[in-house]
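Colleague: I'm new to this one. Could you show me how to read it, feature by feature?

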Amino acid sequence: MDKPFAITLDPGSSLANRTGSWRTYKPVYLDRLPPCNAACPAGENIQGWLYHAESGDYEAAWRALTENNPLPAIMGRVCYHPCEGACNRQHIDAAVGINSVERFLGDEAIKRGWAFPKPEKKSGKRVLVVGAGPSGLSAAYHLARLGHEVEIHEAGPYAGGMMRFGIPQYRLPRDVLNAEVKRILDLGVVLRLDTKVANIRESMQVGKFDAAFLAVGAHIGKRAFIPAGDATKIVDAVSVLRSMEGEEKPMLGRRVVVYGGGNTAIDVARTAKRLGATEAIIVYRRTREKMPAHDFEVEEALQEGVMVKWLSTIKQAGEGEITIEKMALDDKGFPQPTGEFETLAADSVVLALGQDVDLSLLDGVPGLEIKDGTVQVGPNMMTGHAGIFAGGDMVPSERTVTVAVGHGKKAARHIDAWLAGGAYAPAPKHELAGFEKLNPWYYSEAPHTLRPTLDIIRRQSTFEEVQGGLDEGNALFEARRCLSCGNCFECDNCYGVCPDNAVIKLGPGKRFEFNYDYCKGCGVCAAECPCGAIKMVAEDI
Amino acid sequence: MSHQPVKFYQTGTFTVGNRLLAPEERSVQASAKRFNSINSGHRACQGCGEALGARYAIDAAMEASHGQLVCANATGCLEVFSTPYPETSWQLPWIHSLFGNAAAVATGIAAAMKVKSIKAGKGPVPATRVVAQGGDGGTTDIGFGCLSGMFERNDDVLYICYDNGGYMNTGVQRSSATPPAARTATTMAVGPEPGNVFGQGKFVPAIAVAHEIPYVATATVADLRDLEAKVKKAMTIRGARYIHILVPCPLGWGAASHETIKLARLAKETGVFPVFEAEHGEITGSLKIRRKLPVEEYLRPQKRYAHLFGKQPRVEVIARLQALADRNVKKYGLLDGGTL
């Protein structure tokens with residue numbers, strides 16, 4: 001080639017210069033564990049389903065959600081949402097209303113009649129699930145989707161367990177419960193009601209079951225000794241709540257005293273108020289800060305006119321009145337009697353002091369370990385007896401619907417592996433996407449969407465649902481408040497901020513790739529990634 | 001302000017793109033088909049703000065001119081790292097002028113384009129547009145005469161200055177854009193008033209405004225949407241236009257390479273660098289500070305200010321820098337409700 005004067009080389013592109021060789025650190029894409037997912041007792045992939053909800057694909061969101069939890073409409077009402085307590089958005093403005101979006105998806109699924117896919121192949125194994133509460137239903141669902149034949153034996157007349165016999169209707173309307181139970185039964189799960197399992201080994205033999213999952217719950221109300229005259233009506237909270245499901249509503253009178261400080265105490269006091277009690281008074285021996293009940297429920301109860309006697313114990317129950325003793329907290333925060341007494345008018349006293357498990361079905365099963373009234377299980381949810389697994393309120397744990405659902409899922413996976421002669425190994429957890437991993441600059445200000453609340457007059461007299469749901473517009477907004485912690489949401493930042501064009505955009509849904517031929521390892525992409533999905537790793541030099 | 005208002009879309013318009021945004025609402029840089037006017041393989045330092053700013057600006061200008069763009073480039077980092085003989089990173093017609101005459105060369109190209117357009121029977125307004133670009137040395141010091149001439153003649157050129165506050169590729173010497181108190185090789189951190197002297201230097205955007213040219217704007221590499229909107233707006237205007245972009249320099253500022261965008265953001269959020277627009281000599285708007293921060297936040301990560309944060313922190317110097325930032329906030333109305 002003829003070149004001009006003093007020119008000896010052809011014009012070339014800088015692409016010939018592989019600047020990637022300068023690098024001492026290299027960026028890598030990774031998925032970190034969002035704190036919501038880490039906190040979810042049911043092991044939901046919250047960030048994962050919110051990702052679909054953000055784009056308005058509610059069915060895909062619901063399908064992603066129900067991979068782990070078959071009861072979103074119920075969860076969206078009764079879950080105490082530890083996910084929101086862990087949400088990184090609270091450090092920016094307020095946590096994402098995960099629970100309200102979950103409810104929206106659950107309600108949408110019921111409205112649109114979305115169904116679970118039938119399992120592709122059958123395993124030929126039979127599993128007995130004892131108890132149709134949240135844990136049993138969850139296990140049955142997962143086992144059925146894994147191709148096993150499942151039968152649920154339920155002692156009561158309806159499915160739902162504590163979701164029906166413990167949680168009042170104003171928190172969980174029964175049509176919602178029925179719809180979500182039915183969807184599980186539609187998978188081919190057989191439900192036998194009024195079928196109490198008296199002896200688990202016998203039931204398994206008769207029904208030719210290969211494994212069993214026990215989830216009978218804790219339905220026996222704990223009693224406390226209170227010196228009382230014959231005329232005083234003393235009942236336990238579980239029976240009161242249970243009888244709400246029958247024809248005859250419980251007769252508690254006009255002045256009801258509830259003894260205890262947990263969520264059940266609040267539920268029963270609010271129920272009494274709705275049944276027409278002029279006074280519903282909770283007597284609790286410690287302070288509001290120490291109360292095990294969730295604060296928002298205490299707040300709702302107080303709004304409805306429920307009264308609370310803090311730092312008080314019931315000493316004696318007489319005709320139409322009770323005597324309470326004032327308490328004082330000592331240095332260690334324990335309540336101590338003061339010797340100061342007070343009388344309260346009361347037509348009935350409801351004890352809400354916790355529940356015990358009816359373990360009679362386990363009589364004579366070898367290998368079981370029972371401690372503090374609960375069945376001990378291993379990390380795989382199996383009891384000391386091979387093939388018998390247990391979960392929910394009957395094993396040691398926090399007693400919530402969500403924990404129970406999580407037990408059901410976990411047990412189902414282990415039962416499935418056990419039936420195949422193996423052991424289930426959960427995938428290793430990703431490292432946590434803490435707030436310090438994010439670059440919050442990029443998130444625009446967006447306040448939390450509040451759910452509508454039923455008007456106070458109707459809350460005092462009816463069992464209508466107190467908390468309303470979101471509509472599509474605000475559910476979408478709320479879903480889009482998600483920061484997508486630790487998981488790429490394709491904001492194009494890395495692609496845009498690279499001074500060396502060393503990020504390749506792969507197209508919608510395919511994320512990005514680094515071009516290590518030119519990446520100099522400056523780290524701008526990792527620093528400017530809003531959600532912490534890029535990590536700088538030292539190169540081997 | 002010319003950039004689009006922040007809508008709620010999970011990340012608003014703060015991020016480069018977002019899968020949920022309509023394509024027309026995404027930035028030029030979010031597109032897989034962007035021009036990449038300055039290609040990979042250039043020899044800028046790790047985390048170079050100037051390489052990034054040049055791609056942001058020229059890609060936007062390329063898009064606005066439908067690829068009909070010629071670029072004149074002054075001597076400086078940008079020229080040195082992008083075109084070591086015989087390689088070039090530029091993917092558009094590009095000419096290297098002398099250190100001081102990029103504005104004059106661009107004026108000549110614009111005149112030539114005009115003549116070509118007339119001769120082709122397409123009228124005196126050519127479709128091919130011209131940009132000139134240079135660093136702060138080539139713009140505010142060496143090329144200033146040519147630049148001022150281009151302004152006063154209202155030549156149809158968009159001049160873009162990438163301001164990193166010094167002569168970086170020759171070893172970090174002071175320029176007239178070096179901020180007060182900053183350490184450079186020629187303003188050492190010694191003596192009673194260490195670093196660059198207060199009361200010297202110049203802010204060329206304000207001088208450009210004084211020329212009353214059709215359009216003047218400042219921008220930083222931290223606000224891509226704003227930067228792109230300004231370049232696109234400038235390209236809709238005929239006549240002399242000037243955009244001054246703050247581009248942090250990891251080498252000269254003594255900062256970690258991954259902090260380039262963060263420092264640009266802090267310069268804007270502290271008020272150290274005012275981001276504004278002006279038309280025909282009048283300031284028409286400014287990019288508001290989102291979360292006001294003290295200047296220390298901006299100064300501390302940079303080693304060129306390390307002498308202010310020794311065992312005996314130089315609080316009085318920091319206070320003078322804070323006063324300059326506060327003056328910007330007031331002068332350019334950088335806070336909500338601020339007056340212009």
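Colleague: Let's start with charges. How many salt bridges does the rule find across the interface of chain A and chain B?

Modeller: Keep in mind that this is a predicted model. The rule looks for a Lys or Arg side-chain nitrogen within 4 Å of a carboxyl oxygen of Asp or Glu. Across the interface of chain A and chain B, that gives 2 salt bridges. E528(A) and R265(B) form a salt bridge, with their closest N and O atoms 3.0 Å apart.

Colleague: And polar contacts, how many residue pairs are there between the two chains?

Modeller: The count between chain A and chain B is 31 residue pairs, with both partners at pLDDT 80 or more. On the chain A side, the elements giving two or more residues are β1 (12–13), α2 (46–54), α17 (493–497) and α18 (524–528). Of these, α17(A) gives the most, with 4 residues. Sorted by class, that side of chain A has 24 nonpolar, 13 polar and 12 charged residues.

Colleague: How do I put a size on an interface?

Modeller: Interface size is often given as the accessible area lost when the parts come together. Here chain A and chain B bury about 4,400 Å² between them, and 49% of that is on carbon and sulfur atoms. In chain A, the residues that lose the most area to chain B are W441(A), R480(A) and N501(A), together 18% of what that side buries. If you'd rather think in residues, 49 from chain A are in contact with 50 from chain B.

Colleague: Which strand of chain B does β1(A) pair with, and in which sense?

Modeller: β1(A) pairs with β2(B), residues 87–88, in the parallel sense over 2 bridges. Within that pairing, S13(A) stands opposite T88(B).

How values were computed. Residues are numbered from 1 along each chain as its sequence is written. Chains are lettered from A and ligands numbered from 1 in the order in which they are written. This is a predicted model: local features need pLDDT of at least 70, side-chain atom pairs count only at pLDDT 80 or more; totals for chains, interfaces and linings use all residues. Side-chain values use heavy atoms; hydrogens and water are left out. Contact means heavy atoms within 4.5 Å. Buried area is the accessible area (1.4 Å probe) that two parts lose on being put together, summed over both. A polar contact is a pair of N or O atoms within 3.5 Å; within protein, one must be able to donate a hydrogen and the other to accept it, and residues adjacent in sequence count only if both atoms are side-chain atoms. Ala, Val, Leu, Ile, Met, Phe, Trp, Tyr, Cys and Pro count as nonpolar, Asp, Glu, Lys and Arg as charged, and the others, Gly among them, as polar. Two strands pair if DSSP finds at least two bridges between them.
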